[in-house]
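Colleague: Could you walk me through how to read a model like this one, starting with confidence and moving on to symmetry and backbone geometry?

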2 protein chains.
Amino acid sequence: MPSAYHSHVTRCPQPGILTLVPRWQPDAPVRLREAALALYAERGFDETTVEEIAERAGLTKRTFFRHFVDKREVLFGGAGNIEELLVAAVRAAPASARPLDAVSRGLDALAASLEEQGEPAARRFRIVRASPELWERQLIKFASMAEAVARALRSRGVGDPAAILAAESGITALRVASDRWVGDTTTQPLRHLVAAALAELRAVAAPETSPDRA
Amino acid sequence: MPSAYHSHVTRCPQPGILTLVPRWQPDAPVRLREAALALYAERGFDETTVEEIAERAGLTKRTFFRHFVDKREVLFGGAGNIEELLVAAVRAAPASARPLDAVSRGLDALAASLEEQGEPAARRFRIVRASPELWERQLIKFASMAEAVARALRSRGVGDPAAILAAESGITALRVASDRWVGDTTTQPLRHLVAAALAELRAVAAPETSPDRA
């Protein structure tokens with residue numbers, strides 16, 4: 001968002017001194033996002049207008065549209081970074097790592113980053129989960145993440161269908177873990193919940209005959 | 001679509017004989033679907049109008065809208081039946097079947113039914129796959145199928161997260177198999193492809209240590 005840092009160069013009363021007067025608050029996107037999340041949680045996504053978000057942030061509607069296309073983008077704008085982080089960690093996994101283990105490393109990096117963001121990340125997910133329209137968009141994001149992970153696995157030499165199946169399985173574990181994370185019943189960190197969901201998935205996919213009886 | 005079978009009761013020239021003269025062709029939805037699939041495949045979904053579909057089917061635009069809300073519904077209208085079939089087969093699996101095995105039975109029933117429909121089912125999937133807009137809708141359908149399967153598993157006494165993980169894994173296998181089914185590289189029946197994808201998924205999720213070394 002370089003536009004937030006555009007400035008006017010003004011001459012100060014003191015001769016010879018150049019001062020940068022920011023034209024817009026450089027933290028405008030952060031403030032707008034916080035205001036939007038608070039309003040979506042209070043009133044619901046459908047009932048919140050861009051005008052109200054701007055007002056709560058102490059900014060104008062025009063400033064809002066300088067940073068976001070619409071009020072949905074406030075919730076989905078950062079998805080690119082998350083996906084890049086995930087993909088980078090999958091690529092960086094040791095060469096010996098099996099497909100689902102490489103995916104597991106990616107998910108761990110992603111979960112760690114979401115945890116660092118703390119409450120806003122959980123609140124965002126809770127808002128998205130509560131609205132069928134937003135949830136549909138989130139499903140599409142998950143599908144795009146799975147495709148990106150599958151590409152990363154292919155670049156590691158994993159063939160199909162293993163690449164797509166490992167990627168989709170990982171994203172399934174992430175979805176299940178995210179649901180539990182924002183639910184009321186757990187205070188566990190997301191990283192633990194993702195690892196637990198992956199372990200459960202492995203258990204569910206284990207062959208009919210248990211190892212003890214094999 | 002009971003409206004297709006509404007009839008006028010008319011007196012025939014022969015006295016005393018009642019004849020049913022169908023007001024609309026009872027096969028109108030079938031003809032419209034066939035016409036639509038042919039046009040979508042020839043020109044693309046976006047480039048086809050409802051008018052053209054009706055014309056190709058030898059029917060009116062009004063008849064089209066009696067059976068379908070819009071031109072997307074031609075592709076998605078039958079999804080309910082498919083989901084019911086899937087869910088019924090999951091529920092009917094032997095009590096001893098483990099979650100993913102019950103899902104596997106459901107997928108087998110679904111694949112068998114799609115195969116019976118033959119080329120139209122594959123053509124439908126190919127059209128949906130080629131359009132980002134339609135594919136998004138299909139992703140939402142897949143998510144709804146996974147939720148329905150998870151509910152069926154819970155009714156069998158399967159807890160969470162096993163129910164949702166087994167359901168999602170099954171639908172992932174179905175997606176991968178469908179992609180291969182409509183691709184150019186295989187002539188295998190969908191049932192085989194689904195079974196193969198499930199086996200691959202089990203292999204991908206197998207623990208790091210191979211059984212030989214365990």
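Colleague: What is the mean pLDDT of chain A?

Modeller: pLDDT is the predictor's confidence in each residue, from 0 to 100, and in this predicted model the mean for chain A is 85, with 82% of its residues reaching 70 or more. Residues are numbered from 1 along each chain as its sequence is written, while chains are lettered from A and ligands numbered from 1 in the order in which they are written. Local features need pLDDT of at least 70, side-chain atom pairs count only at pLDDT 80 or more, totals for chains, interfaces and linings use all residues, and side-chain values use heavy atoms, leaving out hydrogens and water.

Colleague: Over which residues of chain A does pLDDT stay under 50?

Modeller: Where pLDDT is low, the predicted coordinates should not be read in detail. Here pLDDT stays under 50 over residues 1-13 of chain A, for which the model has 31 contacts (heavy atoms within 4.5 Å) beyond four places in sequence, and also over residues 210-214 of chain A, with two such contacts.

Colleague: Which rotation superposes chain B on chain A?

Modeller: Two copies of a chain are related by a rotation about an axis and a shift along it. With least-squares superposition on the C-alpha atoms of residues with pLDDT of at least 70 in both copies, a rotation of 180 degrees with 0.0 Å of shift along its axis brings chain B onto chain A (RMSD 0.0 Å), which is the relation of a two-fold axis.

Colleague: Where is the peptide bond of chain A that is cis?

Modeller: The bond from A:Asp160 to A:Pro161 is cis, with omega near 5 degrees.
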